Amino acid sequence: MRQINVKIPANQAGKEYNVDIQKGILDHVGELIGNIWNKRKIALISDDNVAPIYQGRVADSLEKVGFEVKEYQFPAGEESKSLDMLGKLISQMAADHFTRDDAIVALGGGVTGDLAGFVAATYMRGISLVQIPTSLLAQVDSSVGGKTAVDHNDTKNIIGAFLQPDLVIIDPETLRTLHKRDLVEGYGEIVKTAGLTDGPLWDLVNKINSVDDILENAEELSELSIQYKTTVVEQDAQEGGIRQLLNFGHTMGHAVEALSEGDLRHGEAVSIGLVAICRIFESKGLSPKGLTQEIKDRFDAVGLPTTSRFLDDPAAILDKIKNDKKNHNGHLNLVYLKAIGGPAIKSVPSDEIADFLNLTDLVK
Ligand SMILES: NC(=O)c1ccc[n+]([C@@H]2O[C@H](COP(=O)([O-])OP(=O)(O)OC[C@H]3O[C@@H](n4cnc5c(N)ncnc54)[C@H](O)[C@@H]3O)[C@@H](O)[C@H]2O)c1
């Protein structure tokens, strides 16, 4: 089994937990959780795509070691990351007499992790949580780091909390039932991380030339991506400093994603945003020549989009960027690469962002 230990320092929630990665580990969830929790009631939360495939299997494994399990399901999709769904799940748990000593297991993609995680952060002021991510995006990124949230009034993740899980269990075999578009989307975040780190992850990403390659290398891709995220989160659990690097490609990506009104998935928007921001910094001589093409080749290899008609409207993009919640004190921090594995942050005053990005050049 591959295992990564995450240590959040005492001044930032002070918590230590493991990320266990192994093919077939889903059948051992009961033993693994039994090692860290005494017997209690568990709310096993999944969406209605994941539940029919995996919820029963995980519930069996938990019950076998003596946990009492209540299975909850919600409709799959981003729309379920809502206050309404939060309320429904909390009502169900209250009706089933969950107390502060009980716990939640989130079994599913990033939507499940964020929603069930936020239920755990808020139910009776917070109960214990284990994350079992089943999508690639959740396995390489969202299940680790403690961010939980729901969307509100068209703004993503606007209501949320930090809650580090007690354990993360990753079974790369679950990726085999994921739709191809969902799998490839998650790979967008892996290329992002590889660009930030260089080393073995960048080397591995350079060998990925098809969707099958992603599946075959899923264990190692998860391990290397999470190792990097862990080093960043351990230094900056609540995104005051170095954790901002993880937003590489996301400023433009979020803008394109919002303009697409659901046509683009998050990971697809990230690959478009990442290539766009690399191109801008390369044109200014702040990133080396050819770097944009190197990154673009990695996305092209698996069919991720790297350009979009939504980039053709600079005014609309700028409008979205100016309202991005990552703006700090009138400045926007843009992540760029001085080299593969050499990230840096350029802080641009909001009123200079239009000149700096010069988006009309991008669409020429
Ligand atoms: N908390 C964080 O740090 C963080 C980081 C990045 C993204 N996110 C959030 O993650 C969400 C996107 O995550 P996602 O792409 O996993 O979306 P998702 O949870 O909606 O999963 C995508 C689709 O795949 C299905 N699915 C998941 N696992 C499956 C499996 N093994 N077999 C079959 N189908 C499966 C789901 O039902 C869904 O239809 C967004 O809401 C985003 O804001 C959070």
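**Domains**

I looked up the division of the protein and found domain 1 (2-178) and domain 2 (188-363); such bounds come from an automatic or database domain assignment. I noted that this is a predicted model, in which local features need pLDDT of at least 70, side-chain atom pairs count only at pLDDT 80 or more, and totals for chains, interfaces and linings use all residues. Residues are numbered from 1 along each chain as its sequence is written.

The C-alpha centres of domain 1 and domain 2 lie 27 Å apart. I then checked the contacts, where two residues qualify if their C-beta atoms, placed from the backbone, lie within 7 Å. By this rule, 23 residues of domain 1 are in contact with 18 residues of domain 2. On the side of domain 1 that touches domain 2, the elements giving two or more residues are S1, strand S2 (15-21) and H5. For these names, helices (H or I, at least four residues) and strands (E, at least two) are DSSP runs, numbered from the N terminus. S1 gives the most to this side, with five residues. By class, the side of domain 1 that touches domain 2 has 14 nonpolar, four polar and five charged residues. Here Ala, Val, Leu, Ile, Met, Phe, Trp, Tyr, Cys and Pro count as nonpolar, Asp, Glu, Lys and Arg as charged, and the others, Gly among them, as polar.

**The sheet**

I traced an open sheet of seven strands with mixed pairing, in the order S1-S2-S9-S6-S5-S3-S4; two strands pair if DSSP finds at least two bridges between them. Strand S1 (2-8) and strand S4 (68-74) stand at the edges with a single partner strand each, so one side of each is left without a neighbour in the sheet. From one strand to the next, the twist averages 15 degrees. Axes are lines fitted to C-alpha atoms, for helices over the stretch in contact, and angles run from 0 to 180 degrees between N-to-C directions.

I followed the pairs next. Strand S3 (residues 41-47) pairs with S4 in the parallel sense over seven bridges, and Ile-42 has Val-69 in S4 as its bridge partner. S3 and S5 run parallel and are joined by four bridges; Ala-43 stands opposite Ile-104 in S5. S5 and S6 also run parallel, with six bridges. Ala-103 has Ser-128 in S6 as its bridge partner, and Leu-107 stands opposite Ile-132 in S6.

**Burial and covering helices**

Is S5 covered or uncovered? I found six of its six residues buried, that is, with 20 or more other C-beta atoms within 10 Å of their own, C-beta atoms being placed from the backbone. Ala-103, Val-105 and Leu-107 are on one side of S5, and Ile-104, Ala-106 and Gly-108 on the other. S6 likewise has six of its six residues buried, and both of its faces are covered.

Helix H2 (residues 50-64) lies across S3, S4, strand S5 (103-108) and strand S6 (128-133), at about 165 degrees to S3. Helix H4 (residues 110-122) packs on the sheet, touching S3, S5 and S6, and its direction makes about 170 degrees with that of S5.

Definitions and conventions:
Buried ≥ 20, exposed ≤ 12 C-beta atoms within 10 Å, placed from the backbone.
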